[in-house]
2 protein chains.
Amino acid sequence: MNPTSYADDLARRARAASRLLAPALGERKNRWLGHAANALVTRTAEILAANANDIEAATRAGMSAPNVDRLRLTPARIEAAANGLHEIAALPDPVGSILDSNVRPNGLQVHKVGVPLGVIFFIYESRPNVTVDAAGLCVKSGNAIILRGGKEALASNTILHAILQDSLRACELPADAVQLVNTSDREVVGQLLQLNRHIDLAIPRGGESLIRRVAEEATMPVLKHYMGNCHVYVDCAADLAMAERIIVNAKCQRPGVCNAAESLLVHVDIAPTFLPHAAAALIAKGVELRGCPATCALLPIVRPATDADFAAEFLDLILSVKIVQSLDEAIDHIARYGSQHTETIVTNDLAAARRFTAEVDSSAVLVNASTRFNDGFEFGLGAEIGISTDKFHARGPCGLRELCSYKYVVYGNGQIRE
Amino acid sequence: MNPTSYADDLARRARAASRLLAPALGERKNRWLGHAANALVTRTAEILAANANDIEAATRAGMSAPNVDRLRLTPARIEAAANGLHEIAALPDPVGSILDSNVRPNGLQVHKVGVPLGVIFFIYESRPNVTVDAAGLCVKSGNAIILRGGKEALASNTILHAILQDSLRACELPADAVQLVNTSDREVVGQLLQLNRHIDLAIPRGGESLIRRVAEEATMPVLKHYMGNCHVYVDCAADLAMAERIIVNAKCQRPGVCNAAESLLVHVDIAPTFLPHAAAALIAKGVELRGCPATCALLPIVRPATDADFAAEFLDLILSVKIVQSLDEAIDHIARYGSQHTETIVTNDLAAARRFTAEVDSSAVLVNASTRFNDGFEFGLGAEIGISTDKFHARGPCGLRELCSYKYVVYGNGQIRE
């Protein structure tokens, strides 16, 4: 296999399929989503057999137990993936929807209308159910997708891909709309990233090194999902019981995800009242606290935090804690150490809430709610293909609309420019 | 001067200014726009003196008369630039405006709110009035701008920049929000394009080679404004008098701009009726026609078109003409030769209009109106910094809103995730 011609062929076929898919009716796309969902369930045995091969090879290669678990498919997980497709079918079609419109003084009706981006190259790691989600979101938004999963999941992805393509054919949609890079040759990825004439967007989802590599090599736009070093700031005017509930939820409900809190900032005025109680609640949940000198003085159980701790995305039951003198210091700390992902202020002071939401530059800034809500489902966008930490094109949760561009459709009755 | 440290210093100061500018009130930004507009008029003599130096050097260097004219400032042109700033002041502030919102079942109020992109690097050619427009649009949208005009305009841009900065200081806005690359060292551009930690977006405006160079070197997103090979398709169900008015306007009203028509497609059924009359009208306006064989057979005055003619952006009084057998052939021709900029169908057939607008993938697709309307002012967006031929982030005319990103601002009353 020649990586250049392999990549070129894949991308060309995806481009051709995207042209056929763009004008496809929502009805037909939804029929495919339902068909594929049913096929996944019907063909569970085949999927499990292929997955068993991946699991066996991964175990033999010494993959860690949590990673093997991420790789594992079960009837329940396959059903969940199928249900995900049904949920995508229930979302409104972004293609052709009017995003904005205005009638000009000369009578021209100017409509801003959603259109697919075209071809999306999705590069991701381990979990094979992501294969199904990503294909569902892309086809529903009228885009062709080129899937490149982790090599550990290749057997699982190959059968999932075959099922998705069989359903495309059965529903008279172009099978090439969902393509799989069925080789672990990394050079193919490099080649695909050169093909900006066929591929409109690359979306890497995985570790930071993967994302950096894609961002550096890609000749097309890249939607990046870097880390989330998310902060909860407990203001002097906070409801302290609410603040405790929020930091415990933000830190502990699912510590391994990007919108989990990694750092707690506490206003000096309420620190002596708030921190001992909140720290006890966090420690009871197994959280290790790493604090600034003032925090350590207040709570001798806390070990000192380094600068690296304040910048860290722990993805674990570890929390950095800092006592700040003011709202300004909290905002400055977030600007310095944060990753512009998700920050929360807990306060009943309207002026503080308004300043925090205006001045903190993150994809989501919340008032009196857990950071864990920065999510496509929770924000009402439906399923998401990732949470963008970029500012260009899309920021925060990326669902169907964020997989689209737009065009201006203008109706007149003979207008010319004078 | 060391290009690396020069670029780094410029970009750092722009980044710092952007942080101060982002939360600035619309009132203050509008005051600056008014102040700068007045200062431009008051200081006309200084501007004309600097411009005279540029003009003299350009003339001495043998610049062509049309290019010298583009470079020239006059009291009327300075006043027009000042009026442009007043018009930008009158536009709504995109920063903080709520683009979308929804209330979740758990009571969370999710708002999608406009925010500035940050720092914009604007690289453009000759016309010094663009300096004023671009600075006005960026500051109004809360962005710092780094201006890099053509070296022929450096004296003019230097005085314009000094005036804009004086006004920023007078209005208590950061002067570093408008920066000028005041050297013609091209290495500085290359260095700036590396600084994606300080610069959020590069916008090249000028010839294709400039745009390609910027797109290749930039490490930050680039908003590109490539060529416009715009089509007018006259359907078999067209009002032929309207079609003639539209093609004459689209081709002749201002042939040197990107949204002027470059190609005319005519349905075979009406070609014998329509083409002789329309061709006469075009030829009377000085247009040279280059036709497909069928066109040449019908109109012996027309010379044959090559494939290159059908792909060309003439920017001149030249028009390629093709007779097509069907709407499908028109759509296919546009997909093959077009540049996804602007296309018009002239028809009274609703089904044809619906298919053309759905299937032609251009930044603007018009029905019964001149291609010349694809413009920020004409679409009601206000002033524009360019017309994007990209699909990512912004497509078509880019005004204040397209210079912005967004964030999610979420209000709760203690919500946590279960």
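This is a predicted model: local features need pLDDT of at least 70, side-chain atom pairs count only at pLDDT 80 or more; totals for chains, interfaces and linings use all residues.

**Entry 1**

**Entry 2: strand 7 of chain A**

Next I went to strand 7 (residues 230-234) of chain A. I found 5 of its 5 residues buried, so the strand is largely enclosed by the rest of the structure. I looked at each face in turn: A:Cys230, A:Val232 and A:Val234 are buried on one side, and A:His231 and A:Tyr233 are buried on the other. Which strand does strand 7 of chain A run parallel to? I traced 5 bridges to strand 8 (residues 261-267) of chain A.

**Entry 3: how the two chains relate**

I superposed chain A on chain B. A rotation of 180 degrees with 0.0 Å of shift along its axis does it, with an RMSD of 0.1 Å. That is the relation of a two-fold axis. In chain A, the C-alpha nearest the axis belongs to A:His393, at 1.8 Å from it.

**Entry 4: where the chains touch**

I counted the contact next: 52 residues come from chain A and 52 residues from chain B. The elements giving two or more residues to chain A's side are strand 2 (109-116), helix 10 (240-252), helix 15, strand 13 and strand 16 (404-415) of chain A. Strand 16 of chain A gives the largest share of that side, 11 residues. I sorted the residues on chain A's side by type and got 24 nonpolar, 17 polar and 11 charged. I also noted that 100% of the interface residues of chain A are interface residues in chain B too, so the copies meet through the same surface.

Strand 16 of chain A pairs with strand 13 (residues 364-369) of chain B in the parallel sense, over 5 bridges. I picked out A:Tyr411, whose bridge partner in strand 13 of chain B is B:Val367.

**Entry 5: helix 15 of chain A**

Which residues are buried in helix 15 (residues 350-359) of chain A? I listed A:Ala352, A:Ala353, A:Phe356 and A:Thr357. They sit on the same side of helix 15 of chain A, because they cover an arc of only 120 degrees around the axis. An α-helix has 3.6 residues a turn, so residues three or four places apart point the same way. On the face turned away from the buried side, I found the exposed residues A:Leu350, A:Ala351 and A:Arg354. The buried residues of helix 15 of chain A pack against helix 14 (327-337), strand 12 (342-346) and strand 13 (364-369) of chain A, together with strand 16 (404-415) of chain B.

**Entry 6: positive phi in chain B**

Last, I checked two backbone angles. B:His393 is not a glycine, yet has a positive phi of about 75 degrees. I placed B:His393 in the loop between strand 14 (386-388) and strand 15 (396-398) of chain B. Is B:His393 buried or exposed? With 20 other C-beta atoms within 10 Å, B:His393 is buried.

B:Leu315 also has a positive phi, near 55 degrees. I found B:Leu315 in the loop between helix 13 (307-311) and strand 11 (318-324) of chain B. B:Leu315 counts as partly exposed, with 14 C-beta neighbours inside 10 Å.

Conventions. Residues are numbered from 1 along each chain as its sequence is written. Chains are lettered from A and ligands numbered from 1 in the order in which they are written. Helices (H or I, at least four residues) and strands (E, at least two) are DSSP runs, numbered from the N terminus. A residue is buried if 20 or more other C-beta atoms lie within 10 Å of its own, exposed if 12 or fewer, and partly exposed in between; C-beta atoms are placed from the backbone. The arc is that of the directions from the helix axis to the C-beta atoms. Two residues are in contact if their C-beta atoms, placed from the backbone, lie within 7 Å. Copies are superposed by least squares on the C-alpha atoms of residues with pLDDT of at least 70 in both. Ala, Val, Leu, Ile, Met, Phe, Trp, Tyr, Cys and Pro count as nonpolar, Asp, Glu, Lys and Arg as charged, and the others, Gly among them, as polar. Two strands pair if DSSP finds at least two bridges between them.
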